[in-house]
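Visitor: Please take me closely through one part of this structure, and then show me how the rest of the chain is arranged around it.

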Amino acid sequence: MKKFITTVKNIFSIEDLRIRILNTIGLLIVFRIGSFVVLPGVDPSRLGEAASGIFGLIDTFLGGSFSRASIFGLGIMPYISASIVLQLLTVGVPYFQKLQKEGESGRKRINQITRVLTILITLAQGVGYITATIPDEAIVINKTLFMTSALVLLTAGTMFCMWIGEKITEKGIGNGISMLIMIGIISALPGAIISESLSKGGGGILLLLLEAVILFFVVVGVVALTEAVRRIPVQYAKQVVGGKVYGGQRQYIPIKVNASGVMPIIFAQSLMFLPALIAQIWAEDSDIASYIGTTFSDFTSWQYNLVFAVMIVLFTFFYTAITVNPEQIAEDMKRNGGFVPGIKPGGPTADFIDNIISRITLPGSILLALVAIMPAFAIIAGVSSEFAQFYGGTSLLIMVGVILDTLRQIESYLLMRHYEGMMKSGNMKNDPSSYAVA
């Protein structure tokens, strides 16, 4: 405890770090306040029940602003969608590949295109959002006027959220966009704990403590999955430049076991709502369609979780294949005079790296699938649905990833000022190789 207090004092004794932390807190407060500002012309008491299904997942990411018909009702999600689209385009479209290789100017151009695409996506999603989530009886003004003003406000709200995220990244601590999603998820934690406590009653304290202990070990496992890497040794040839010798040392390329992050879960979860949706169309005419609709509407069923897990494994391989390019890694190594000991530069090195990626992606994808279906097991074991979402899935992976990234940035400030790091073992010292696995 004493070491923790000393570390906190050290953090706030660094002026730049203190200002960044206060800026981050202030911007997050603004974001949370905005999530409670309801669109003009909406009666909040007539909005109905909380969102469920894919809408419930979005509502979790946005801290409840989606179900409250807030001016931040779409939040940062259109920007994330636009970023994913641009990321996929840079893989298959030569024009975007060229922009990506142009350095700073290309990056600025991609950012401009992302912003324009964000506005277009927000307008398209805004129409669907208003139609699907805001009932007519909740609209107390002219519907045409409301639709127009709501689209303008939702678009402005999304762009303001994007601005807040960029300011957190620039003048705060951590990745701003990720921080906004994380704060939305964490905002549901106090209510989930209270709901779980009330459901257990006065005699359920021991059971609640047991659930907390299990949650702790689940978080530890997710941290290990997030940080685990396979180190590939790289030897650089010695070069004499201006009478000085450069290179000759051995370094490592860290290949993450879970290189795809949460994207496979997001992709798979988006598609898992299609069977139930399609089955509803033919449910009255077919017993099979009715069975499929019932089965895939219950995310605790073994059929749902089996299909969900298989899709996550497949999407993990797909997303890893489009984000990690062994040929590019091998080419960069060859250009800089590096080589893997015992492997010829060029094509053989690319094949060697691709083989390693394939071998570590399989166990990584299986563990990721296990994390994704953990909330279903928690609900089956008697945990409330509000609290069960923190036992795994997208929510837990995002929280762990953002918190670790923020801790690394704080750690770097402490080490630059010659303070002792936050972790006694030194595992947070910006060295991903310290989490290496065989």
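Guide: Thr349 has its place in helix α16, residues 347-380; helices (H or I, at least four residues) and strands (E, at least two) are DSSP runs, numbered from the N terminus. This is a predicted model, in which local features need pLDDT of at least 70 and side-chain atom pairs count only at pLDDT 80 or more, while totals for chains, interfaces and linings use all residues. Residues are numbered from 1 along each chain as its sequence is written, and side-chain values use heavy atoms, with hydrogens and water left out.

Thr349 is buried, at a relative accessible area of 2%. Here buried means under 20% relative accessible area, exposed over 50%, and partly exposed in between (1.4 Å probe, protein chains only). Leaving aside neighbours within four places in sequence, Thr349 is in contact with Ala330, Met333, Val340, Ile343 and Lys344, where contact means heavy atoms within 4.5 Å.

Another threonine, Thr226, lies in helix α10, residues 205-227. With a relative accessible area of 14%, Thr226 is buried. Lys256, Leu397, Val400 and Leu404 are touched by Thr226, residues up to four places away in sequence not being counted.

Ala69 and Ile130 may be considered together. Ala69 is found in the loop between α3 (53-61) and α4 (77-92), and Ile130 is found in helix α6, residues 104-133. In sequence they are 61 residues apart, yet in space the distance is 8.4 Å, C-alpha to C-alpha. Ala69 is buried, at a relative accessible area of 1%, and Ile130 is buried as well, at 3%. Although Ala69 is not a glycine, it has a positive phi of about 55 degrees. Beyond its neighbours within four places in sequence, Ile130 is in contact with Phe146, Met147, Ala150, Leu151 and Leu154.

The interior can also be described through nonpolar cores, a core being a set of buried Ala, Val, Leu, Ile, Met, Phe, Trp, Tyr and Cys residues joined through side-chain atoms within 4.5 Å. The largest nonpolar core has 74 residues, of which Ile76, Tyr129, Ile134, Phe146, Leu180, Phe308 and Ile312 touch the most other members. Apart from this core lies another, of 12 residues, among them Tyr236, Ile255, Ile353 and Ile360. Ile312 touches Pro264, Ile265, Ala268, Ser365, Leu368, Ala369 and Ala372, not counting residues up to four places away in sequence.

Charged side chains come next. The structure holds 8 salt bridges, each being a side-chain nitrogen of Lys or Arg within 4 Å of a carboxyl oxygen of Asp or Glu. In one of these, the side chains of Arg115 and Glu166 meet at 2.4 Å, N to O. This pair links distant parts of the chain, with Arg115 in helix α6 and Glu166 in helix α7, 51 residues apart. Arg115 is partly exposed at 31% relative accessibility, and Glu166 is partly exposed at 28%. Lys167, Glu170 and Lys171 are linked in a network of salt bridges. Glu170 and Lys167 both lie in helix α7, 3 residues apart, about one turn of the helix.

Helices α1 (2-13) and α2 (15-34) each supply at least two residues of the patch. Ile33 lies in helix α2 and is exposed, with a relative accessible area of 52%.

For the chain as a whole, the secondary structure comes to 18 helices and 5 strands, and 42% of the 438 residues count as buried. The chain averages a pLDDT of 80, and 85% of the residues score at least 70; pLDDT is the predictor's confidence in each residue, from 0 to 100. Confidence is highest in helix α7 (residues 143-171), at a mean of 90, and lowest in strand β3 (residues 244-246), at 59. Over residues 425-438, pLDDT stays under 50. Where pLDDT is low, the predicted coordinates should not be read in detail.
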